[in-house]
Amino acid sequence: MVSTAVPRVAAHRRVARRISWEFWLLLPATIYIFLLIGFPLLLSIYYSLSHISVGRRDYSFAGLSNFRAILSDQVFQHALRNTILITVVVLVAVLVLSTILATALAERFPGKPVVRYLLLLPWASPVVMSTIAWKWIFDSQYSVINWVARRLHIIGPYEFPQWLGVPHLALISIIIVQVWRILPFATVITLAGMSAVPRELIEAALVDGAGFFTRLFRITLPLVRPILGVAILFTALFTFTDMAVVWILTRGGPYNTSHVLSSWAFQVGIVAGDLAQGAAIALFMLPVLALIAIWVLRLSHREVTE
């Protein structure tokens, strides 16, 4: 009995030391994540249930009155629809275009390193600087798009489309910039997945006479589906929570028709000073993002286990 108990006690001590060592290694990262994400989240929940505002020291409990107020706000309803619409359109466009670009970049052709470098530039450039450049591109008088359209006789010589001054054109402009910004990241992820596809499967399909689209839809895409899930997740997160593009391009205009949830929360909470309602608006993004993350991660996990 003693001979078997001693190794067991020693094994328990080794496990305890390992758990203690892992705990101390993870503690700094846990504290950092809590200070960066957890504390602001708890603070926003507290603000949303109070009457707090800039310049007013009223922390009294408000219950759900802030949520009831924003649910009846037409601008909030419009911002919610815009957020969902922009996210869905950008997600579909990025998924299709990243698959096309990754498929092309997986092949060998002259100038491939240069193409890869140019593809990564939108992702590497600062969001603010690139969005300001796009604002000039969409300018009514100096727009490159308008100039090319007039040269091609698509529009008249004296037509000046107001890309950022008409509601539907403003939404199209935001979608274009979001696709341009996120596409390189999704393409790199998809290309990494395609590079991991066993070459033997592709060669066997070629021997069997499978065409390009058969190989793409029957072999490549099913095998990279977990990687595509990661690209979908990050594309949805980046688009759904982004405020910089909307704020720099349109500031929610014209007439608050191009606001998304993040920009409207900034407008109400920071610019207007109503921290309580701004926090309530921002919290509406939390359940949607959680559902997207859970769905994509479960889908990716199921594909890996199968």
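This is a predicted model: local features need pLDDT of at least 70, side-chain atom pairs count only at pLDDT 80 or more; totals for chains, interfaces and linings use all residues.
**Entry 1: the whole chain**

I started with the secondary structure. I found 14 helices and 0 strands in the protein. Written out along the sequence, the pattern is α-α-α-α-α-α-α-α-α-α-α-α-α-α.

Next I looked up burial: 38% of the 306 residues count as buried. The accessible surface comes to about 18800 Å², and carbon and sulfur atoms hold 71% of that.

I also checked how far apart in sequence the contacting residues sit. Taking contacts between residues at least 6 apart in sequence, 65% join residues at least 24 apart.

**Entry 2: helix 5 against helix 7**

How do helix 5 and helix 7 cross? I took helix 5 as residues 127–137 and helix 7 as residues 167–195, and their axes come within 11 Å and cross at roughly 140°. So helix 5 counts as oblique to helix 7. The cut-off matters here, because an angle has to be over 145 degrees to count as roughly antiparallel. The crossing of helix 5 past helix 7 is right-handed.

I then listed who touches whom. From helix 5, Val127, Ser130 and Trp134 meet Ile176, Val177, Trp180 and Arg181 of helix 7. Sorted by class, this contact has 5 nonpolar residues, 1 polar and 1 charged.

A reminder to myself about helices: an α-helix has 3.6 residues a turn, so residues three or four places apart point the same way.

**Entry 3: around helix 7**

Pro126 is in the loop between helix 4 (112–124) and helix 5. Buried or exposed, I wondered about Pro126? Pro126 counts as exposed, because its relative accessibility is 51% and the cut-off for exposed is over 50%. Along the chain Pro126 and Arg181 are 55 residues apart, while their C-alpha atoms are separated by 9.9 Å.

Further along helix 7 I picked out Phe185. Which residues does Phe185 contact, leaving aside neighbours within four places in sequence? I got Trp123, Phe234 and Phe238.

- Arg251 is in the loop between helix 11 and helix 12. Its phi is near 50°, a positive value in a residue other than glycine. I noted Arg251 as exposed, because its relative accessible area is 53%.
- Gly253 and Pro254 are joined by a cis peptide bond, with omega about -5°. Pro254 is in this loop, between helix 11 and helix 12.
- Tyr255 is placed in the loop between helix 11 and helix 12 as well. Tyr255 is not a glycine, yet its phi is positive, about 60°. With a relative accessible area of 80%, Tyr255 is exposed.
- Thr257 lies in the loop between helix 11 (244–249) and helix 12. Thr257 is buried, because its relative accessible area is 18% and buried means under 20%.

What does Thr257 touch, apart from its neighbours within four places in sequence? I found contacts with His78, Asn82, Pro167, Leu171 and Gly252.

Just after helix 12, Gly273 has a positive phi of about 85°.

How does helix 12 sit against helix 13 (residues 275–283)? They pack at about 170°, with axes 7 Å apart. That makes helix 12 roughly antiparallel to helix 13. Helix 12 passes helix 13 in a left-handed crossing.

For the contact itself, I wrote down Leu261, Trp264, Ala265, Val268, Gly269 and Ile270 on the helix 12 side. They meet Leu275, Gln277, Gly278, Ile281 and Ala282 in helix 13. By class, the contact of helix 12 with helix 13 has 8 nonpolar residues, 3 polar and no charged.

Notes. Residues are numbered from 1 along each chain as its sequence is written. Side-chain values use heavy atoms; hydrogens and water are left out. Helices (H or I, at least four residues) and strands (E, at least two) are DSSP runs, numbered from the N terminus. Buried means under 20% relative accessible area, exposed over 50%, partly exposed in between (1.4 Å probe, protein chains only). Contact means heavy atoms within 4.5 Å. Axes are lines fitted to C-alpha atoms, for helices over the stretch in contact, and angles run from 0 to 180 degrees between N-to-C directions. Angles under 35 degrees count as roughly parallel, over 145 as roughly antiparallel, 65 to 115 as roughly perpendicular and the rest as oblique. A crossing is left-handed if the near helix is turned anticlockwise from the far one by less than a right angle, and right-handed if clockwise. Ala, Val, Leu, Ile, Met, Phe, Trp, Tyr, Cys and Pro count as nonpolar, Asp, Glu, Lys and Arg as charged, and the others, Gly among them, as polar. Accessible areas come from the Shrake-Rupley method with a 1.4 Å probe; for residues, only the protein chains shown count as cover.
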